[in-house]
Amino acid sequence: MLDDLQSLLDFDQTHIWHPYTSLKAPLPVYPVRSAQGVRLTLETGEELIDGMSSWWAAIHGYSHPALVQALSSQAEKMSHVMFGGITHRPAVELAEKLVRMTPESLQYVFYSDSGSVSVEVAIKMAFQYWISQGKPERSSLLTVCGGYHGDTFQPMSVCDPVNGMHSVFSRVLPKHYFAPAPRPRFDEACTEDDLDALKAQIFSHHDHIAALILEPVVQGAGGMRFYSPDYLRRVRELCDENDILLIADEIATGFGRSGKLFACEHAGIEPDIMCVGKALTGGMMSMAATLANEKVARGISEGSLPVLMHGPTFMGNPLACSVANASLSLLEKTPWQKRVLAIEKQLREELAPCSFMPTVADVRALGAIGVVETHKAVDMARLQKFFVDKGVWIRPFGKLVYIMPPYIISPEDLSKLCAAVCEAVSDSRFFG
Ligand SMILES: *Cc1c(COP(=O)(O)O)cnc(C)c1O
């Protein structure tokens with residue numbers, strides 16, 4: 001029945017929800033047949049240069065032989081076993097790598113299957129820590145506007161209150177404290193004025209705040225903004241002064257995307273709890289992890305409820321762990337930092353012409369992330385078709401047209417992505 005392409009697409013549009021879509025007025029989707037390196041091949045045969053890394057994940061490109069090999073050889077041995085009462089080599093090896101690669105004080109690892117769940121676990125760790133300290137009233141979070149932490153309920157509750165889903169779910173979302181989005185840009189210093197509102201929130205509510213959660217330096221899906229590492233350094237100090245745990249959500253930034261292995265390194269700080277996901281498996285499998293330091297791990301363990309109350313069915317899945325091991329080994333063997341910095345330089349140069357266009361509000365690049373922010377929201381469906389016709393896969397949202405390619409992209413392919421962005425944002429047809 002689904003032999004021909006049209007009936008496949010018809011079935012999709014009638015029965016399947018894609019991210020943030022309506023079944024009654026579905027947006028067009030493009031059927032991909034295969035993906036290799038930096039190319040997506042459509043069912044119709046066209047090849048697209050990938051500018052998205054499938055949302056920060058496919059850092060080595062698609063179908064990398066080292067990852068395919070890890071997956072297939074692990075599948076022959078053992079695809080999955082429960083993690084309750086059982087351990088296995090892939091999980092232990094991955095924990096060893098994560099402990100070694102992440103900031104030094106993070107020594108304890110909890111595995112989960114998606115970024116949102118790893119944020120849930122981070123928040124649960126913070127709440128359990130304070131229950132263990134005999135301060136259960138420390139059950140709120142502090143965060144900054146402009147953030148994105150996932151789509152399940154606790155993560156949603158600390159997403160940007162305007163761009164996020166607060167108004168839709170206001171009756172059921174937990175209420176937390178917000179400070180304004182960090183004002184100083186990446187290359188600017190942070191003044192004490194920039195911290196006033198955050199300090200005021202801490203001053204008024206620190207008896208109820210378990211943790212401050214934010215994305216270090218790069219705010220991803222909440223607005224693709226890059227803020228001053230100085231700000232992050234001051235946040236760490238304020239958390240220390242007020243005995244507030246710091247949760248760094250590195251799900252988007254982790255594993256090199258911002259030009260450092262972890263974005264926290266721009267500020268030279270270490271969080272108490274850190275979430276990783278997305279690029280952890282090089283984009284091949286869904287997997288995430290939450291890491292904690294001694295203070296948090298010991299704090300939980302010494303309380304009246306010494307066990308961390310979480311345990312997903314597919315926790316520590318051997319296939320995902322093996323692929324993650326292969327991806328991290330590959331990352332360590334390749335000159336990723338040189339590649340990411342070369343991508344940053346080229347993005348700056350080749351997106352620069354956009355900054356003179358009347359449609360454009362801002363152009364910025366950091367690591368392998370290039371962003372053109374427009375004054376008006378783009379007509380996504382129309383612009384998407386334009387990009388596909390140009391042979392590139394770029395998925396804009398709202399006022400943001402951005403690219404974050406696999407680190408292995410060639411300068412020629414990256415030029416094609418940048419040229420497509422420049423051409424698109426100069427064209428008033430694409431603005432509603
Ligand atoms: C994508 C993302 C998440 C959520 O991860 P999922 O795997 O989509 O659940 C959380 N935080 C940040 C910063 C992200 O970019």
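Ala, Val, Leu, Ile, Met, Phe, Trp, Tyr, Cys and Pro count here as nonpolar, Asp, Glu, Lys and Arg as charged, and the others, Gly among them, as polar. By these classes the shell around the ligand holds three nonpolar, five polar and three charged residues. The model is predicted: local features need pLDDT of at least 70, side-chain atom pairs count only at pLDDT 80 or more, and totals for chains, interfaces and linings use all residues. Residues are numbered from 1 along each chain as its sequence is written, and side-chain values use heavy atoms, with hydrogens and water left out.

**Ligand site**

- Ser-114, Gly-115, Ser-116, Tyr-148, His-149, Gly-150, Glu-215, Asp-249, Ile-251, Ala-252 and Lys-278 surround the ligand; a residue is near a molecule if one of its heavy atoms lies within 4 Å of it.
- Polar contacts are pairs of N or O atoms within 3.5 Å; within protein, one must be able to donate a hydrogen and the other to accept it, and residues adjacent in sequence count only if both atoms are side-chain atoms.
- Asp-249 places a side-chain N or O atom 2.6 Å from a nitrogen atom of the ligand.
- Ser-116 has a side-chain N or O atom 2.6 Å from an oxygen atom of the ligand.
- A polar side-chain atom of Lys-278 also lies 2.6 Å from a ligand oxygen atom.
- The protein buries 82% of the 390 Å² that the ligand exposes when taken alone; accessible areas come from the Shrake-Rupley method with a 1.4 Å probe, and for residues only the protein chains shown count as cover.

**Cavities**

- On a 1 Å grid over the protein atoms alone, a cavity is a set of points where a 1.4 Å probe fits but cannot get out, and a pocket is an open set with protein on both sides within 12 Å along at least five of seven lines; lining residues have an atom within 4 Å of a point.
- Grid points are joined across faces, edges and corners, and a volume is the space filled by probe spheres set on the points.
- Two cavities of 30 Å³ or more are counted.
- The largest cavity has a volume of about 50 Å³. Its lining is Leu-27, Pro-28, Tyr-30, Met-380, Ala-381, Gln-384 and Arg-395. By class, that is five nonpolar, one polar and one charged.
- The second largest cavity holds about 50 Å³ of space. Its lining includes Asp-12, His-18, Pro-26 and Leu-27. The classes there are four nonpolar, four polar and one charged.

**Second largest pocket**

- This pocket has a volume of about 220 Å³.
- Helix 10 (294-301) and strand 4 (106-112) each supply at least two lining residues. Helix 10 gives the largest share, four residues.
- Helices (H or I, at least four residues) and strands (E, at least two) are DSSP runs, numbered from the N terminus.

- Four strands form an open sheet with mixed pairing, in the order 1-2-3-15; two strands pair if DSSP finds at least two bridges between them.
- Strand 1 (32-36) and strand 15 (392-393) are the edge strands, each pairing on one side only.
- Strand 1 pairs with strand 2 (residues 39-42) in the antiparallel sense over four bridges.
- In this pairing Gln-36 stands opposite Arg-39, and Ala-35 stands opposite Leu-40.
- Strands 1 and 2 form a hairpin with two residues between them. Gly-37 in the turn has a positive phi of about 55°.
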